[in-house]
Amino acid sequence: MRAPSLGRKLYSSLMFVFVSVLGGLLAAGLAVPTAGMVSEMTKLGDTALDQVPAELETPPQAQGSKVLMGNGEVLTNFYEEYRVYVPLSEISDSMKQAQISIEDRRFYEHGAIDVIGTLRALVRTSAGNTQGGSTLTQQYVKLALIDKALAAGDQEALNQAYDRTVSRKILELRYALALEQKLSKDDILERYLNLSYYGAGAYGVEAAARRYFGTTAKELTLAQSAMLAGLVRTPATTDPIRNEKLAIERRNNVLDVMLTQGVITKADADAAKAEGFDRSKITDTPHGCNAARYQQLCDIVYRTLMQMQSLGPDRDSRERLLKRGGLTIQTEIDPATQDAAQAAVSAYIYPTDPVMGVVATIQPGTGLIKAIAQSRPERGDQPGQSYWNYAMEPDLGGAEGYFGGSTFKMFVLAAAINKGMPTSRSYEAPRTKDWSGERFRTCDGSVTAKNWEVSGVGGNFDMYTGATNSVNNYFVALEQDVGLCDVAKMAETLGLKLSGDLSFASPAEEGKRTIQNPSLTLGTAEVSPISLANAYATIAARGLRCNPIILKSVTGPNGESYEVPGSDCQQVIPQEVADRITDVLRGPFRSGTARLANIPGYSIAGKTGTDTNAPTIWTLGFTPQLATAAMITIDKQSDRYRSGRTSLEGAPIQDGRIRLRGSSGGEAGRFLWKPTMEVALQHYERGSFVPPTKYSPPEVDVPSCRGLGVQACQQTLRDAGFGTSISRQTNNARAGTLLGISPRDTAPAYSTIRIIVSSGPAPAPAEPSAPGTTAPPAENPAAPPATQAPPENPGNG
């Protein structure tokens with residue numbers, strides 16, 4: 001229905017004249033004897049009829065944003081105002097009629113201004129008695145200006161929008177006149193019903209229908225519509241959740257008005273009044289991360305959004321868009337994997353235990369974070385709660401880094417294979433060796449080990465057996481030959497991120513400490529679980545490194561896309577190199593330190609790790625589909641740690657019912673990693689690793705050791721890239737004399753050269769025993785073969 005019979009243009013022009021004359025009358029004191037009116041009108045200035053803010057025509061439809069998990073379920077909502085915008089066609093006729101009846105019964109008959117009501121309001125306002133009496137169009141203008149100021153975070157504009165001076169009212173009148181030139185009555189009513197506040201945090205009729213009645217705006221009954229219509233003027237006091245009696249009284253008043261206007265019949269009114277308020281239909285819409293199913297994961301999502309340039313130039317603008325922009329945030333969080341990870345962690349480590357358990361799962365080849373679980377899943381500062389996300393980097397809520405232990409042996413292995421060393425490269429690894437005085441190459445020279453003795457499993461090992469049994473002295477020897485520079489660079493290449501003031505470089509940047517020291521292979525650098533999981537995921541993806549990401553997409557209510565942080569996947573090492581690394585790392589799960597975490601029927605590779613004295617234990621394992629880090633670490637804020645007991649060994653868990661042994665594979669692997677992956681892998685087809693291609697290093701010349709001592713020969717061969725092993729044999733030469741090397745002319749590059757050393761002349765034959773006597777038993781029985789590792793050796797991770 002079109003209001004003015006003289007035509008919209010003519011009507012608006014006449015109303016413009018009316019407003020202008022009215023302003024003049026008021027200024028002259030003819031309408032109201034108020035001397036201050038001249039100054040009020042002076043503030044207004046000249047406003048053209050068609051100068052209406054664009055936001056009033058197409059307002060920013062403030063709506064909350066929702067975060068979706070990989071299966072489409074809602075993780076949480078973010079909003080300041082709970083609002084769901086719906087078109088007028090999705091709002092019941094009874095709701096439209098009720099709102100018009102109580103607020104502006106002649107809405108479809110008059111133009112933007114109801115002359116009588118406006119004059120009354122202006123006169124009373126100018127006399128100091130603020131009066132409403134405005135049309136729906138005028139009310140909408142005020143609501144839209146307030147909403148615009150809130151969306152922009154503009155406090156000055158917000159104060160002006162609430163200003164009830166005469167000049168402000170006249171400005172709003174002119175905006176209303178201009179608005180009705182651009183929008184139909186239906187358009188204005190739709191915007192009004194979606195912008196109005198109905199109490200209890202519900203903005204707009206759709207949100208209010210869901211909040212109070214568990215229904216939609218389209219399905220609202222007459223009684224429900226009348227109650228909502230009655231809330232608009234005083235939502236804080238007539239909210240039926242807090243004041244049911246007053247809300248029903250107000251509803252009945254609306255029904256009486258509708259009856260008086262002939263909009264409904266008496267039978268309709270009586271039936272509606274007979275309805276009570278059904279509190280069982282009240283619905284709450286939790287929002288924010290503390291209301292999320294997975295609070296810590298939600299916090300990662302939120303922090304990522306707050307760093308996205310595509311959402312705005314600064315944090316404030318990004319947060320406004322998040323809470324008002326109606327965004328749909330799609331993640332690839334897998335509830336099944338997340339539930340399995342959280343169940344595993346929570347079953348083994350309790351929130352109030354003096355240790356913490358963490359699981360982080362990432363998808364190789366995409367970087368998508370599938371699950372993050374920790375033994376303190378609830379955010380807060382009460383016992384058993386934490387605002388820290390122990391799996392993540394500090395910029396995403398992480399607390400600190402944790403020493404990686406023997407998981408770092410993978411980086412030495414990777415650097416060696418990438419350099420061309422064969423997996424058959426072997427060393428004689430003693431159970432205990434003092435490396436003091438040994439030199440290790442760095443990027444800017446070398447570093448000398450000081451007061452450093454390393455213990456563990458002893459024997460002769462190659463890469464396969466060395467990794468399977470996590471042999472410390474094997475990997476120190478391999479690291480020495482590869483060089484610390486190459487190991488550090490490989491860790492960075494695979495995607496490892498260092499915590500605190502650590503640096504991959506040598507010399508380190510100003511204010512930082514280099515990780516290029518001999519103990520690097522034993523994991524003396526601090527890292528986050530997600531970073532370590534991602535580095536192993538690079539191997540699982542055959543050398544394709546991806547940044548860890550939590551977001552898949554962010555879209556607006558109209559389908560517009562916002563750029564999300566990308567995984568930036570890059571091939572950083574050759575596929576065949578990654579395949580060889582993977583093949584070597586299958587040993588720990590098959591028969592080594594991670595065997596208690598093995599899942600039969602799956603191709604699994606990885607490594608365990610135990611920090612010195614076991615304050616942190618790890619199991620890192622991957623399949624072609626998933627890479628997961630499981631960690632148990634001492635809580636540095638616990639009384640146990642503060643009293644000087646820094647080891648996990650003997651630490652009480654499950655409220656003191658069990659004490660830890662500090663076993664990486666037997667505890668972090670068996671009780672955290674395995675149950676998580678057993679469930680997660682059920683959602684993937686069983687895949688196999690790509691078998692490594694046969695690798696034959698080229699034949700190269702072997703340098704001569706003629707005239708050299710044993711140590712000088714070892715160094716000469718090491719400088720040429722060869723490994724060395726000592727072979728002793730009896731000889732008339734003095735014990736320790738270098739007899740030769742094998743092979744001595746050419747050998748495969750990076751292979752192991754056997755250094756033959758004299759053990760001295762053969763001992764003289766023993767004299768025969770006297771008849772009837774036997775030799776006494778040996779005082780020290782023979783030790784078992786050195787290559788047989790004990791079932792669990794924490795010192796070897």
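**Close-up views of a predicted model**

**View A. Lining of the second largest pocket.** Strand E9 (427-429), strand E11 (439-442), helix H20 (472-482), helix H27 (710-719) and strand E28 (723-729) each contribute at least two residues to the lining of the second largest pocket. H27 supplies the largest share, six residues. Helices (H or I, at least four residues) and strands (E, at least two) are DSSP runs, numbered from the N terminus. Among the 27 lining residues, Lys 433, Glu 438, Gln 480, Gln 714 and Arg 718 lie nearest the pocket centre. A pocket is an open set of points on a 1 Å grid over the protein atoms alone where a 1.4 Å probe fits, with protein on both sides within 12 Å along at least five of seven lines; lining residues have an atom within 4 Å of a point. This is a predicted model, in which local features need pLDDT of at least 70 and side-chain atom pairs pLDDT 80 or more, while totals for chains, interfaces and linings use all residues. Residues are numbered from 1 along each chain as its sequence is written, and side-chain values use heavy atoms, without hydrogens and water.

**View B. Aromatic pairs.** Rings of Phe, Tyr and Trp (its six-membered ring) pair if their centres lie within 6.5 Å; planes under 30 degrees apart are stacked, over 60 edge-to-face and the rest tilted. Trp 435 and Phe 440 form a tilted pair, 6.1 Å centre to centre with 50° between the planes. The ring centres of Tyr 474 and Phe 475 are 5.2 Å apart and their planes lie at 80°, so this pair is edge-to-face.

**View C. Charges over rings.** The charged end of Lys 185 sits over the ring of Phe 107, 4.4 Å from its centre. Arg 580 lies over the face of Tyr 695, at 4.6 Å from the ring centre. The criterion is NZ of Lys or CZ of Arg within 6 Å of the ring centre and within 35 degrees of the ring normal.
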